[in-house]
Structures are given as structure tokens and as C-alpha cells.
Amino acid sequence: MSVIVDRIAAVVGAAGLVTEAAGMEPYAIDWRKRYAGRPLAVVRPASVREVAGVIKICAETRTAVVPQGGNTGLQGGGITDASGTQILLSTTRMNRVRAIDPVNNTITVEAGCVLAEVQRAAEAAGRLFPLSLGAEGSANIGGNLSTNAGGTGVLRYGNTRDLALGLEVVLADGEVWDGLRGLRKDNTGYDLKHLFIGAEGTLGVITAAVMKLYPMPAARLTGIAAVGSPEDAIRLLEIAQRQSGDALTGFEMFSDFCLSLVVKHFPATRTPLRVRHPQYVLIEISDARSEESARSEIESVLAEAMEAGIVLDAVVAQNLAQVETMWALRENITEAQRHEGQNVKHDVSVPISRIAEFIAATDAEIRRAHPDVRMVTFGHLGDGNLHYNVAGPQEVPPDVFMREAAGLTRIVHDSVARFNGSISAEHGLGQAKREEIRRYKPALELELMRRVKAALDPLGIMNPGKVI
Ligand SMILES: Cc1cc2nc3c(=O)[nH]c(=O)nc-3n(C[C@H](O)[C@H](O)[C@H](O)COP(=O)(O)OP(=O)(O)OC[C@H]3O[C@@H](n4cnc5c(N)ncnc54)[C@H](O)[C@@H]3O)c2cc1C
């Protein structure tokens, strides 16, 4: 072992250190298997004190540190380079719920808590932790904060940033910033937590957080509606927002091709609608009163939209099993396209009012350049966020198709820029989009980011090569 690793071992003990290649492998490769790093060691501290001790050693020895949570990130942000000199710092052993305050509606959790466990802990206290996403069984709250994750509840509850009230962070010199305040009002200068949220581990290691909780709704009900086009999906959104206001907690769209991939790769899938249509919308209503009230709310939205010829067919879930079946259609798309083969992914946002126009214009441009590709378009329509993915023609080998990836991405991202959108709506930049963002972000914004980085991490040891 190197001298650095020996010193780190003295801080975290044998249980907190992995150095053999086979043990490091699950941490070294990302979820999509696009990035394979070679860490000097995987370090798994069990407390904030241990994280601080490790970072101090790294600062003294100018050793790069790559924080990692559940390793479900999609931009390679939590993966080391291949030099064998970087420390991978996994927060997974720091997984305690430190406190729940149901009256203040807050939960204080350590960074390595799995998102689904935070949801369960909140539920056990009769409260809702509304952050929800497909990878919630593995993603950690520290990773969610560091990527400012979105998911399916953003429409009503906001991104992870909007759910955070306070943070505890180990800074790049090993000092601990205790900002674990559960306050909804605190106008005492710069709101420092927001620098670390969405920073993808480039400014410090988040070790704990105070997150907002909400009253548990009396009922959550889901319906699926078939529509003829993204335009009609947006018209349905307008009706749902006007009729239901804050009770509208989910509004997801996916194309019929997405559904066909889920049916193909998840043979147990049951499709609630008997006839296929071009697009589907999942609507979730949360009601503070009762299931009956939620049902009449969702039925009223669908009835108005059907009368206006917007919705072609619709089903409202009758029980929890049907709710889960409907959400599985949406949540299994990412996994289904992975089984289908290589695809070029884009996580983009544009103003909701222009989303249909964006899809039409970008689809047309892509088809002019690559007539046979298959569009896998789905997303959080209520947030203006599309996963605008492009799969190759079935007969073309994946490695041949992937040679077109850069050209396809250029078409999509240039189109996003023309629509005043963002080339990363919720997945972050990581290493995947670090170069790409330079084309689209104003030079002054990049410069301000560099100044923040230099102020908080002057030695450049925190997750180098990511974000900027
Ligand atoms: C099937 C699937 C569905 C998904 N759906 C969504 C979705 O709907 N919405 C969405 O936003 N994302 C989604 N994602 C992406 C991913 O789940 C999120 O980005 C998630 O927030 C990452 O959490 P993680 O713990 O896995 O982070 P990791 O992948 O471990 O790390 C992500 C980044 O955060 C940094 N980091 C991690 N922990 C810390 C810490 N404690 N301190 C400082 N930096 C840290 C890492 O260095 C890295 O840059 C999905 C992923 C998959 C695989």
C-alpha cells in the first residue's frame, strides 16, 4: 500500500478501506458502464470525523478525491480517472437518520442514506418525503443533493435543492461546515448550501442534510391518458393545472415507441389501455382529503380533456397494484432502452410552452440526417424536461451506430440552445458534458463558476475533471 493509503487506513480502519481490484470494481464503473476508473483506493468513512480526517490527508498530499453515493449517476461524475492516483470516497457507510421532527416537518439524514429509506423513514413518522426517481432503491441522498436530482415530484415539490434546508459539508481542506439548520427563513447573507447542491462533488463532501417533509396526502391516484401528440399533452397539462392546482403532483409523457420497448423487455408488463396511441401521459393527483376526492378530481380533468377531443382514451387506477403497474410503464423505460442496445441520451429542458415545437423541429432535423434512427422520447413534461434519446436502427451494430453519437448530440443540443433550453435538466454535467457545456453556457457564467471553484477548492483536489 502507498503511504497515503496507510495514513487513510489509520483514520477509517480496515472496514473503511478497499484496495484489491475485485472489491473496488463496483465503485470503479458507472451504472451505464460507460466510464471505468482505476481508484488508488476506495475509502468508506463511517462518520463526518472520518471524512474530515481523510480529506485533510488528501489536501496535504494533493491527492484527488472523487465522492460517490449510490453510483447511479448518468454522467460519470462519481467515477475516478484511470491513473490509479485518485481516492474514491464512498459515503455508503454513513447511512443514519439522525433525527425526524414531524412538527418542524424536517428529517436530518446522513449522505449515504438510500433515497427509498429516507422515504420510508418519513412515512413511518406519518410524513411524506417527496423526492422520487427510478433509481431510488440505490441512489443516496448525498448524490441526490450533489446532482440536484429532479424526478417525478418536481412539478409540485421542486428539485432536491428546493427540499434542502441545511447541510453539513466537509470542505476541501478537511474543515467541517455545520450548516444543519432546519429553517425555512434565514436571510443572513449568501445561502452557502446552494453552492454545494448540484456541485457534483467538486466543492466539498456533503455528509448530512436537513430535508423538508410534507404532510402525507390522504390519497394519491394515478391515471393514464392517451393523446395524439405532444401538443395535446401540453393542453392536457393546462387543464390539469387549472382544475387541480397543487394537487397535481405528477405529469409524465412517453411515446408509444417507449411503451413498445417496455413491453418487449419486461414481458410481465400489462398495458392498461387496449388500443395503442401515439403518446401517453401519466397523471398523479395527491389529495389531502380522501381517495374519493382524488378520484373525482382526476376524472373531472380527464372528462374535460376528452370532451375537448384532447384525450383519446384514459384509465384511472382502481387500486394500489394498478397504480404501480402504471408507474412501472414509465419507470422501466430507462432500463428497457438499456436492454435494447446502445442509444444516445439527452437530458434536456425547454420552456414548457415550446416543448411540442422543440420535439417536432428536432425530430425533423434528426430524420433528415439519420432517416432510420428510433426516437425514445419521454420525460417529466410538467417540468419541461425531456429524456430525448436516440436509438440506432435495429439492423445496425451498436458500435457502428455509436460513431454517429457526437453528430446526433450536436443536432439536439444546438436545437435546445435555439429554444433557450438547458443541455442538462437534471442529470448534471459530470465528465460526460464538461466540454459540451463550454459551447452553450455564457463565458461569464463559466468564469464565475471557476472563481467559486478556486475559492472553495484552491488545490483542485475535489473531483477534478468534472463539471468545469
Ligand atoms: C434508472 C435510473 C433512473 C434515474 N432517474 C432519475 C430521475 O428521474 N431524475 C434525476 O434527477 N436523476 C435520475 N437518475 C440519475 C441518478 O439517479 C441521480 O443523479 C442521483 O441523484 C444520483 O445519486 P447517487 O447517490 O447514485 O450519486 P452518484 O452517482 O454516486 O454521484 C453523483 C455525483 O454526485 C457526487 N456525489 C455523490 N455523493 C456526494 C456527496 N456526499 N458529497 C459530494 N458529492 C457527492 C459524485 O461525485 C457525482 O459527481 C436516474 C438514474 C437511473 C440509473
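User: Which strand is β3 joined to, and how many bridges are there?

Analyst: Strand β3 is joined by four bridges to β4 (residues 87–90), and these two strands run parallel. Strands here are DSSP runs of E with at least two residues, helices are runs of H or I with at least four, and both are numbered from the N terminus; two strands pair if DSSP finds at least two bridges between them. This is a predicted model, where local features need pLDDT of at least 70 and side-chain atom pairs count only at pLDDT 80 or more, while totals for chains, interfaces and linings use all residues. Residues are numbered from 1 along each chain as its sequence is written, and side-chain values use heavy atoms, with hydrogens and water left out.

User: OK, and what is the bridge partner of Gln 68 in β4?

Analyst: The partner of Gln 68 there is Ser 90.

User: Switching to the ligand, which polar backbone atom is 2.6 Å from one of its oxygen atoms?

Analyst: That backbone atom belongs to Pro 67, while a polar backbone atom of Gly 73 is 2.7 Å from an oxygen atom of the ligand. Both are polar contacts, meaning pairs of N or O atoms within 3.5 Å.

User: And which element gives the most residues to the shell around the ligand?

Analyst: That is α5, with five residues.

Key. A polar contact is a pair of N or O atoms within 3.5 Å; within protein, one must be able to donate a hydrogen and the other to accept it, and residues adjacent in sequence count only if both atoms are side-chain atoms.
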